[in-house]
Amino acid sequence: MQLDPADLQLLAALQRDSTQTAQELGDALNMSASQAGRRKQRLESDGIIAGYRAYLDPEKVGLTVQAFIQIVMATHTEQNARDFVRLTKTRAEIVGAWTLTGDADYLLRIYCADLTALNLLVQQVLLPHPAVSRVQSQIVMERVKSDAPLPL
């Protein structure tokens with residue numbers, strides 16, 4: 001689908017604040033509320049807008065440790081990959097997972113209540129998994145830039 005400049009402006013506005021009403025979007029983009037609303041609905045139905053969510057402050061909900069964990073697979077079989085991906089989808093602490101090029105096969109983004117919980121995840125869940133050969137973790141000391149909107 002081809003996006004025109006108004007679509008891009010609408011998407012940028014929604015990335016900044018997805019709670020805006022059609023009227024607020026229309027006012028910001030110099031179009032009527034109904035035009036803004038129709039564009040938004042089209043972008044949703046076309047799957048360009050994949051969903052909406054509330055972003056929570058991890059510390060305020062008791063998640064004081066953030067870490068990135070690199071995983072090296074023991075062997076590169078389809079079954080190992082399937083089993084490991086299933087694990088990433090079943091553990092709430094794993095909030096993001098990516099396959100990578102380079103030394104590691106996967107990168108996991110983790111939120112835990114404390115270092116003890118992170119240690120238990122690494123020692124009792126990740127390291128014993130038969131698909132995993134090596135685990136390397138980096139604990140986040142400070143977040144210097146929050147997840148930003150996509151550059152449109």
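The protein holds five helices and four strands, where helices (H or I, at least four residues) and strands (E, at least two) are DSSP runs numbered from the N terminus. Read from the N terminus on, these elements follow the order α-α-α-β-α-β-β-α-β. With a radius of gyration of 20 Å, well over the 15 Å that the globule rule gives for 152 residues, the protein is more spread out than a compact globule; the radius is taken over C-alpha atoms, and the rule is 2.2 Å times the number of residues to the power 0.38. The C-alpha trace spans about 60 × 35 × 25 Å along its principal axes.

The model is predicted, and local features need pLDDT of at least 70, while side-chain atom pairs count only at pLDDT 80 or more and totals for chains, interfaces and linings use all residues. Residues are numbered from 1 along each chain as its sequence is written, and side-chain values use heavy atoms, with hydrogens and water left out.

**Overall surface, contacts and charge**

Of the 152 residues in the protein, 31% are buried, a class that means under 20% relative accessible area, with exposed meaning over 50% and partly exposed in between (1.4 Å probe, protein chains only). The accessible surface comes to about 10100 Å², and 52% of this surface belongs to carbon and sulfur atoms; the areas come from the Shrake-Rupley method with a 1.4 Å probe, and for residues only the protein chains shown count as cover. Contact here means heavy atoms within 4.5 Å, and among the contacts between residues at least 6 apart in sequence, 66% join residues at least 24 apart. There are 15 positive and 17 negative side chains, and the centres of the two sets lie 3 Å apart. In this count Lys and Arg are positive and Asp and Glu negative, while His and the chain ends are not counted; each charge is placed at NZ of Lys, CZ of Arg, CG of Asp or CD of Glu.

**Residues in the helical part of the sequence**

N30 is found in the loop between helix 2 (22–29) and helix 3. Although N30 is not a glycine, it has a positive phi of about 60°, and at 74% relative accessibility it counts as exposed. Q41, placed in helix 3 (residues 33–45), is likewise classed as exposed, because its relative accessibility is 52%. The C-alpha atoms of Q41 and L8, which are 33 residues apart along the chain, are separated by 14 Å.

Y52 lies in the loop between helix 3 and strand 1 (65–73) and is partly exposed at 40% relative accessibility. Not counting residues up to four places away in sequence, Y52 touches L14, S18, K40 and E44. With E44 there is also a polar contact between side chains, at 2.6 Å; a polar contact is a pair of N or O atoms within 3.5 Å, of which, within protein, one must be able to donate a hydrogen and the other to accept it, and residues adjacent in sequence count only if both atoms are side-chain atoms. Y52 and Q9, 43 residues apart in sequence, are 17 Å apart in space, C-alpha to C-alpha.

N80 is found in helix 4 (residues 78–90) and is buried at 13% relative accessibility. Its side chain is joined to that of T75 by a polar contact of 2.8 Å, and, with neighbours within four places in sequence left aside, N80 is in contact with M73, T75 and A131.

R109 belongs to strand 3 (residues 106–112) and counts as buried, since its relative accessibility is 13%. Leaving aside neighbours within four places in sequence, R109 is in contact with Q66, A67, F68, E93, I94, V95, G96, W98, R143 and D147. Its side chain also makes a polar contact with the side chain of Y111, at 3.3 Å.

Q138 lies in strand 4 (residues 132–139) and is partly exposed, with a relative accessible area of 29%. Beyond four places in sequence, Q138 is in contact with Q66, A67, F68 and Q70. Q138 and I69 are 69 residues apart in sequence, and their C-alpha atoms are 6.2 Å apart in space.

| Residue | Partner | Distance |
|---|---|---|
| Y52 | E44 | 2.6 Å |
| N80 | T75 | 2.8 Å |
| R109 | Y111 | 3.3 Å |
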